[in-house]
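Here is a short briefing on one protein model. Please look through the structure first, then read the notes by topic.

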Amino acid sequence: MPMHTTDRRARPIIHGMHIHPGFQRGGGAGLPESPAPHSVPSSPQEVFSGVEGDSPESGRRLMKRIHLLNRRSLLKGVGLLASLSLVPGRLHAAEGGGAAEVSPLEDLMREHGVLSRVLLIYEEILGRVRSGRGFPAEVLQKSADLIRRFIEDYHEKLEEEYLFPRFEKAGRLVELVRVLKEQHHAGRRLTDSILGWLQSAESKEKQDELKLARDLSLFIRMYRPHKAREDTVLFPALHSLVSAKDFERMGDQFEDREKGLFGENGFGQIVTKVAAMERDLGIFELSRVTPKI
Ligand SMILES: [Fe+2]
């Protein structure tokens with residue numbers, strides 16, 4: 001059972017009142033945010049020591065080979081990828097995978113993971129609005145800001161600049177791309193509306209909760225199938241449109257963009273922020289949704 005707590009960092013609002021403590025379920029006191037320390041390799045040698053034999057010496061031999069080859073190319077090589085699958089997750093050592101090399105599609109898909117978690121936050125807030133309970137406005141503000149900065153101004157820009165034009169040029173999945181682009185625009189309009197609602201709420205103007213509920217509902221309704229279609233149809237099809245070299249270059253460009261906008265280990269920091277918002281809402285603990293059957 002989740003612990004009951006009232007997090008004082010979360011600013012209670014809505015209906016201009018305080019949140020009833022009974023509605024503040026959970027609070028993140030259970031699961032640690034980071035994996036157990038022993039699951040995180042502390043050095044490159046440790047990362048690779050199990051790939052070819054178990055000795056540290058064999059790991060060093062592999063590291064030497066890596067210095068001789070472009071690391072990204074190596075990681076994407078079919079043969080080595082097959083080997084690395086024997087040690088799943090070891091290359092993605094940092095919390096949120098921030099420190100590891102990732103392919104451009106993995107990059108986009110893990111960003112969809114962030115989007116999914118924000119959709120859960122939106123869903124929790126929507127449920128509280130519909131049932132007349134309060135919710136911390138600060139969490140909605142942070143969530144909408146994150147959607148704007150990380151999803152709309154970064155993730156979707158990558159799709160719009162690097163993926164969609166390739167499909168259009170090749171005449172592949174053109175109708176799907178048209179709808180996806182239209183949905184990006186619709187998502188931005190909804191975020192404008194949510195942020196506008198927050199501003200009007202702060203200035204004590206009339207709070208139209210029905211409008212907020214509608215915006216959150218439309219956003220969630222659209223983005224779940226949107227990202228699922230990209231993950232299962234658009235992204236896999238990219239392989240047939242780009243050469244291995246182009247794919248590699250794209251990965252570097254994504255990485256550079258992410259570092260430029262969010263700094264070193266930017267993805268890991270975004271994940272940490274999402275986890276903090278989940279804690280503020282009391283929905284962080286994964287075990288809370290395990291059915292007791
Ligand atoms: Fe998209």
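**Aromatic cluster and metal site**

One aromatic cluster is made up of Phe 150, Tyr 154, Phe 262 and Phe 267. This is a predicted model: local features need pLDDT of at least 70, side-chain atom pairs count only at pLDDT 80 or more, and totals for chains, interfaces and linings use all residues. Residues are numbered from 1 along each chain as its sequence is written, and side-chain values use heavy atoms, with hydrogens and water left out.

**Aromatic pairs**

- The whole structure holds 8 aromatic pairs (ring centres of Phe, Tyr or the six-membered ring of Trp within 6.5 Å; planes under 30 degrees apart are stacked, over 60 edge-to-face, the rest tilted).
- Phe 150 and Tyr 154 form a tilted pair, 5.5 Å centre to centre with 40° between the planes.
- Both sit in helix α6 (residues 137-170), 4 residues apart, so about one helical turn separates Phe 150 and Tyr 154 (helices are DSSP runs of H or I, at least four residues, numbered from the N terminus).
- Phe 150 is buried at 0% relative accessible area, and Tyr 154 is buried at 0% (buried means under 20%, with a 1.4 Å probe and protein chains only).

**Charges over rings**

- The charged end of Arg 110 sits over the ring of Phe 267, 4.1 Å from its centre (CZ of Arg within 6 Å of the ring centre and within 35 degrees of the ring normal).
- Arg 279 places its charged end over the ring of Phe 284, 4.0 Å from the centre.

**Iron site**

- The protein donors of the iron ion come from Glu 159, His 184, His 226 and Glu 230, at 2.0 to 2.7 Å (donors are N, O and S atoms within 2.8 Å of the metal, or 3.2 Å for Na, K and Ca; water is not among the atoms, so sites may look incomplete).
- Their sequence spacing is E-x24-H-x41-H-x3-E.
- His 184 lies in helix α7 (residues 174-202) and His 226 in helix α8 (residues 209-238), so the pair ties together parts 42 residues apart in sequence.
- His 184 and His 226 are both buried.

Note on methods:
Helices (H or I, at least four residues) and strands (E, at least two) are DSSP runs, numbered from the N terminus. Buried means under 20% relative accessible area, exposed over 50%, partly exposed in between (1.4 Å probe, protein chains only).
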